[in-house]
Amino acid sequence: MVKTIGLKIYTPEKLAFDKKVYRAVLPDGRLNLTVIEDRAPTSLILEAGILQILDESDNVVERFFIDTGVVDIAENECTISTLHFIKVGTISIEKAENMLIEEDQAVDFYQMIISYIKNSN
């Protein structure tokens with residue numbers, strides 16, 4: 001039986017993601033935090049960056065841009081509250097640049113997206 005964890009991601013507007021996953025890698029400053037089944041309970045402030053969902057072979061199956069927030073991990077559930085959550089590949093540089101103008105409180109988040117897209121091309 002494949003071991004899984006529940007991953008829920010909330011933005012101010014809604015529950016943005018709710019899925020059982022094998023493994024999640026969260027941005028946590030210079031290092032990443034890997035969430036696996038039976039991980040010790042943890043609560044911490046989440047850095048903006050790339051959240052990765054991995055399969056049983058440790059291959060990345062999904063990537064998301066995630067803004068700063070908080071994460072609580074306990075009893076095989078990982079719950080994240082963040083301001084912004086966007087699937088990689090669903091936002092263009094042009095859209096991110098427009099969001100820089102519209103959301104002055106999220107400048108660093110959209111700059112991160114622009115840099116990521118430019119560096120992956």
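Predicted model: local features only at pLDDT ≥ 70, side-chain atom pairs only at ≥ 80, totals over all residues.
1. An open sheet is built from 5 strands, which run in the order 2-1-9-8-5 with mixed pairing. Strand 2 and strand 5 (42-46) are the edge strands; each has a single partner strand, so one side of each has no neighbour in the sheet. On average, neighbouring strands of this sheet are turned by 10° against each other, direction ignored.

2. Strands 1 and 2. The pairing of strand 1 with strand 2 is antiparallel and runs over 6 bridges. Within strand 2, Phe-17 is the bridge partner of Ile-9.

3. Main core. The largest nonpolar core has 19 residues, and the members that touch the most others are Leu-7, Ile-9, Leu-26, Leu-51, Cys-78 and Ile-80. At least two residues of this core come from each of strand 1 (5-10), strand 2 (15-21), strand 3 (23-28), strand 4 (31-35), strand 6 (49-54), strand 7 (60-66), strand 8 (69-74) and strand 9 (77-82). Strand 1 gives the largest share, 3 residues.

4. Ile-9. Which residues does Ile-9 touch, not counting residues up to four places away in sequence? They are Lys-14, Leu-15, Ala-16, Phe-17, Leu-51, Ile-66, Ile-80, Thr-82 and Phe-85. Of these, Phe-17 is the bridge partner already named in point 2, while Leu-51 and Ile-80 are listed with Ile-9 among the core members that touch the most others.

5. Thr-82. Thr-82 belongs to strand 9. Its relative accessible area is 5%, and Thr-82 therefore counts as buried, the limit being under 20%. The side chain of Thr-82 reaches the backbone oxygen of His-84 at 3.4 Å. With neighbours within four places in sequence left aside, Thr-82 is in contact with Ile-9, Tyr-10, Thr-11 and Pro-12, and also with Ile-66, Asp-67, Thr-68 and Gly-69.

6. Positive phi values. Most residues other than glycine have a negative phi. Asp-38 has a positive phi, near 65°, and sits in the loop between strand 4 and strand 5. Asp-58 also has a phi near 65°, again positive in a residue other than glycine; its place is the loop between strand 6 and strand 7. Are these residues buried or exposed? Asp-38 has 58% relative accessibility and counts as exposed, because the cut-off is over 50%. Asp-58, at 43%, counts as partly exposed.

7. Glu-56. The loop between strand 6 and strand 7 also holds Glu-56, which is partly exposed at 48% relative accessibility. Glu-56 and Glu-77 are 21 residues apart along the chain, and 18 Å separates their C-alpha atoms.

8. Helix 2. Helix 2 (residues 107-120) has 14 residues; from its first C-alpha to its last it reaches 20 Å, close to the 20 Å expected at 1.5 Å a residue. The buried residues of helix 2 are Phe-109, Tyr-110, Met-112, Ile-113, Ile-114 and Ile-117. An α-helix has 3.6 residues a turn, so residues three or four places apart point the same way. The buried residues of helix 2 pack against strand 6, strand 7, strand 10 (85-87) and helix 1 (93-102).

Technical notes: Residues numbered from 1 in each chain as written. Heavy atoms only, no water. Core = buried A, V, L, I, M, F, W, Y, C linked by side-chain atoms within 4.5 Å. Buried < 20%, exposed > 50% of the residue type's maximum accessible area, 1.4 Å probe, protein only. Helix = DSSP H or I, 4+ residues; strand = E, 2+ residues; numbered from the N terminus. Contact = heavy atoms within 4.5 Å. Pairing = 2+ DSSP bridges. Axes fitted to C-alpha atoms, helices over the stretch in contact; angles between N-to-C directions. Polar contact = N/O pair within 3.5 Å; in protein donor to acceptor, adjacent residues only side chain to side chain. Expected span 1.5 Å × (residues − 1).
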